[in-house]
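Let's walk through this fold together, from the overall layout down to one helix pair.

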Amino acid sequence: MSPRRAGALPLLLKLDPEAKQPLNQQIYQGLRSAILDGRLRVGARLPSSRMLAADLSISRNTVLNAYERLAIEGYLRGQSGGGTCVSTELPDDILRTRVPLVTQTPKQSRRKISKRAMRIVDVPFRLRIPELPRGLRAFRIGACALDEFPTAIWGQLVRRQYSRSAISALDYGTAPGYPPLRAAVAAYLQSARGVTCDPEQVFIVNGSQQALDLSSRMLLDPGDTVWLEDPGYVGAYGAFVSAGARVVPIPVDREGIQVAKGVRQAPDARVAFVTPSHQFPLGVTMTLSRRLELLRWAVKSGAWILEDDYDSELRYANRPLPALQGLDAQDSVIYTGTFSKIVFPAVRLGYVVVPQSMVDTFYKVRLFADVHPPIFTQAVMTDFIVEGHFGRHIRRMRTLYRERQEALLDAARRHLDGLLNVLPADGGMHLLAWLPPGIDDREASRRAAADGIEALPLSDFSLLRQHRGALLLGYSSLTPEAIHRGAKRLAASLERLIRG
Ligand SMILES: Cc1ncc(COP(=O)(O)O)c(C=O)c1O
């Protein structure tokens, strides 16, 4: 029987049999420096001396000798169940000399990273998610009411899938995703969103972020231009920058993205990224005439429209307009949606609908990115949809979030009058709260964070920064009591800033 492998450890140890230094000394020094610079973490388990010796093709005594010396010096310790690991209590001098690798930015490092990675690191948006203690998360945006998710039902579906799973379910799946889920998503999108598609046009992806990444790979070359709604979605900006694209911010008005301005500023754009159902973060619904104007431009110029329908389920007033994709007769639109907002974000499942003519291309792009999404989660999601739990959960969340939005409006009337103008919205998970003229929203947000309130400034989502200061107030994950408490706290913070 062949010995088990010693993991990555042999790769950390560059042994030179010709060197003057004996092998045990080389192993000792290799392991010691790996511990010191953090490549071998505190508590990490080492392979047995027998395994490491076999992997390095050296005698076991040589390894034992190095292990013993490191143990005597306090770098390694034996574990109760056998085996050796890196000491959790390293000597003081070691702690002082440890290089904090994780806090080093690529700019400070001597090793080069790609220009592409530098562009990503330099993304100017600051999407700050402050680490506030639990229970003080008013007013985080985009957060589901996770405590209202039917975890018991989900658990039953998980258990059933496990007990049902045949050996074949453990094998590789297909790049576009689990066929029953693609069929379920196609049926849902046709009826709920007016999307025109066959199941074969539907690709299951790891959240809509992956849809944006794969679409960018498929559509963009370095230097190509992309229209991004401004203010707009940071995740899309990051995906386009990753592809080397030049992002041109196009302002949004009451009707949605200002197509005429886009045509003036970047007529040759390859892609226009839009959130027509519920513009992120302003909440505007793109009007029909703007949709048609956008489609006409795309057809005329040969550009693509990337439609992100990220929270279309969450509509509280009026019937939602069908997706823009349903109006497209010329294969201009790539449509994406996500389960992050309505099921739960950790599920990391979303979908893309590509035109029939792009199915084969997208297949290859996906295959070489991550092969396919995990089958098991897709199977559970399929059951969740086809057995009616998905539809029921959407209906429940609509009612709950509508009530929570009303609670926020009520709290704003009571506590934030004169400090913030909080506007109602037809849907979504946050409200836009306008500050009095002249008040800097980043400063207001910083002050609120210091007072334990998370209220992201609109400026963090804008390259143009042409608008008045505003804060984004999420309400969907908060009880009415938490909303009122948060509003009072935010009022006190703003009072100090605005009224001195
Ligand atoms: C505009 C927009 N699109 C998509 C998403 C969801 O992304 P994902 O599916 O990758 O979780 C979000 C989440 O905040 C969003 O705001």
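What follows covers confidence, domains, the sheet and a helix contact.

This is a predicted model, where local features need pLDDT of at least 70, side-chain atom pairs count only at pLDDT 80 or more, and totals for chains, interfaces and linings use all residues. Numbering starts from 1 along each chain as its sequence is written, and side-chain values use heavy atoms, with hydrogens and water left out.

Confidence comes as pLDDT, the predictor's own score for each residue, from 0 to 100. The chain averages 89, and 91% of the residues score at least 70. Over residues 92-104, though, pLDDT stays under 50. Where pLDDT is low, the predicted coordinates should not be read in detail.

An automatic or database assignment sets the domain bounds: domain 1 is 9-98, domain 2 is 151-387 and domain 3 is 392-498.

Now for the sheet. Strands are DSSP runs (E, at least two residues), as are helices (H or I, at least four), numbered from the N terminus; two strands pair if DSSP finds at least two bridges between them. Eight strands make an open, mixed sheet, ordered S4-S11-S10-S9-S8-S5-S6-S7. S4 (202-205) and S7 (256-257) are its edges. S10 and S11 run antiparallel, joined by four bridges, and Tyr335 sits opposite Val353 in S11. Helix H9 (207-219) packs on the sheet, touching S4, S8, S9, S10 and S11.

Last, look at H15 (389-415) and H17 (480-499), whose axes lie 9 Å apart at about 30°; axes are lines fitted to C-alpha atoms, for helices over the stretch in contact, and angles run from 0 to 180 degrees between N-to-C directions. Contact means heavy atoms within 4.5 Å, and among the residues making it are Arg404 and Asp410 of H15 and His484 and Lys488 of H17.
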